[in-house]
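Try each one yourself, then read the worked solution.

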Amino acid sequence: AKLAPAGEVSSLIDNARFLMMVLVVMTHTLTPAWYGYVQVMSVIHPFQTRTFCFISGVLTQDMPSRNEFANKMIRHSMTTVAQILVFCILLEPIVYRLAARDLPTDVWEYPSDVANLLFNSGESIHWYLYGLLWWRLFVYFVFPLGPMARMCVALAVSSCLSYHFISVFSLTESFACLPFFVAGQAMQSTGMLKRWVSRANTLPATHRLLLGVLCFSSLHLLSAGSGLTKHYPFSGGCVPWALQEATYDNTSVSGAGKWLCRGLLGYALMLARITVFLVCCCPCSRCGISTFGRHTIY
């Protein structure tokens, strides 16, 4: 199949960013009192953030040399650092608390809150910004490697740095999502995403959507309906491997092998859902939501 036009893929990504933004808002606004809360959350969370990680990888293009890549990423990262500072110094400790009418009563409370948000960010809502910094740094160090080698290293680093929860600079949450970022960059740099979108677009739009819904639902049932997904890495958010593996005996060589297979299966199922959504379910043409998606911070 011929490659999809660059503008078509760009519109696809913009539309996907908007739709994921809606799902993120839903994740933080729905409450257990809502009918079907558990079922809805099992579908959209953590799918929405992992898809954002993948898209960020797609948008992080390789450069001809490591130095050129570093210069470009430094410029982008300075913007990300500024966003982190604005959130930690102004938005969360001042604007949010003013809106909630919960002003600090202790003179040391404000600097304490700022320091905690900056250094002990954990799973706070700005963890994604720290993730962007970590992921770009990772790509810089593995720049000479090919896509498959980068993915293998990303899985190894993810398993090591997120086995136990580390809240400093959102290390666990960030590196739990590293393989999705690397996969997105690999699919973009190899042209795989363009080829798959082109092939999907040979089908009528209705058929493509029905195929996507069927495949996505099947993958969701496979991962959630099996009863094993609570033990896959990060299937329910940023849960360390150690906690998810509590019901297994990983002391033997065979136990360690099964632990690794469960982790790889968890990533594979999530990546398959992300790919099906982008290729089959997300609109490819430019429309009303494209502009909103283009200007998200992700």
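**Exercise 1.** Does Phe47 count as buried or exposed?

*Solution.* Keep in mind that you're looking at a predicted model.
- Step 1: look up the relative accessibility of Phe47, which is 3%.
- Step 2: buried means under 20%, so Phe47 counts as buried.

**Exercise 2.** Find the aromatic partner of Phe47 and work out what the pair ties together.

*Solution.* 
- Step 1: the structure holds 13 aromatic pairs. In one of them, Phe47 is paired with Phe216.
- Step 2: check the geometry. The ring centres are 5.2 Å apart and the planes make an angle of 80 degrees, so the pair is edge-to-face, a label for angles over 60 degrees.
- Step 3: Phe47 belongs to helix α3 (residues 47-59) and Phe216 to helix α11 (residues 205-224), so the pair ties together parts that are 169 residues apart in sequence.
- Step 4: check the cover on the partner. Phe216 is buried too, at 12% relative accessible area.

While you're on aromatics, have a look at Phe52, Trp127, Tyr128, Trp135 and Phe181: they make up one aromatic cluster.

**Exercise 3.** How many disulfides does a search of the whole structure find?

*Solution.* 
- Step 1: the search comes back with zero.
- Step 2: compare their surroundings. Cys53 is buried, with 0% relative accessible area, whereas Cys215 is partly exposed at 30%.

**Exercise 4.** Which residues is Gln185 in contact with, leaving aside its neighbours within four places in sequence?

*Solution.* 
- Step 1: locate Gln185, which sits in helix α9 (residues 178-189).
- Step 2: its relative accessible area is 2%, so Gln185 is buried.
- Step 3: list the contacts of Gln185: Gly57, Val58, Thr60, Gln61, Asp62, Phe69, Val139 and Arg150.

**Exercise 5.** Which residues form a nonpolar patch on the surface?

*Solution.* 
- Step 1: pick out Val81, Leu85, Val86, Ile89, Leu90, Leu91, Ile94, Val95, Leu98 and Leu103.
- Step 2: taken together, these patch residues have about 770 Å² of accessible area.
- Step 3: You'll find Leu103 in the loop between α4 (66-99) and α5 (109-119).

Technical notes:
Residues numbered from 1 in each chain as written. Predicted model: local features only at pLDDT ≥ 70, side-chain atom pairs only at ≥ 80, totals over all residues. Heavy atoms only, no water. Patch = residues over 30% accessible without salt bridge, like charges linked within 9 Å, V, L, I, M, F, W, Y side chains within 5 Å. Areas by Shrake-Rupley, 256 points an atom, 1.4 Å probe, with all protein chains shown as cover. Salt bridge = Lys/Arg side-chain N within 4 Å of Asp/Glu carboxyl O. Helix = DSSP H or I, 4+ residues; strand = E, 2+ residues; numbered from the N terminus. Disulfide = S-S within 2.5 Å. Buried < 20%, exposed > 50% of the residue type's maximum accessible area, 1.4 Å probe, protein only. Contact = heavy atoms within 4.5 Å. Phe/Tyr/Trp six-rings, centres within 6.5 Å; stacked < 30°, edge-to-face > 60°.
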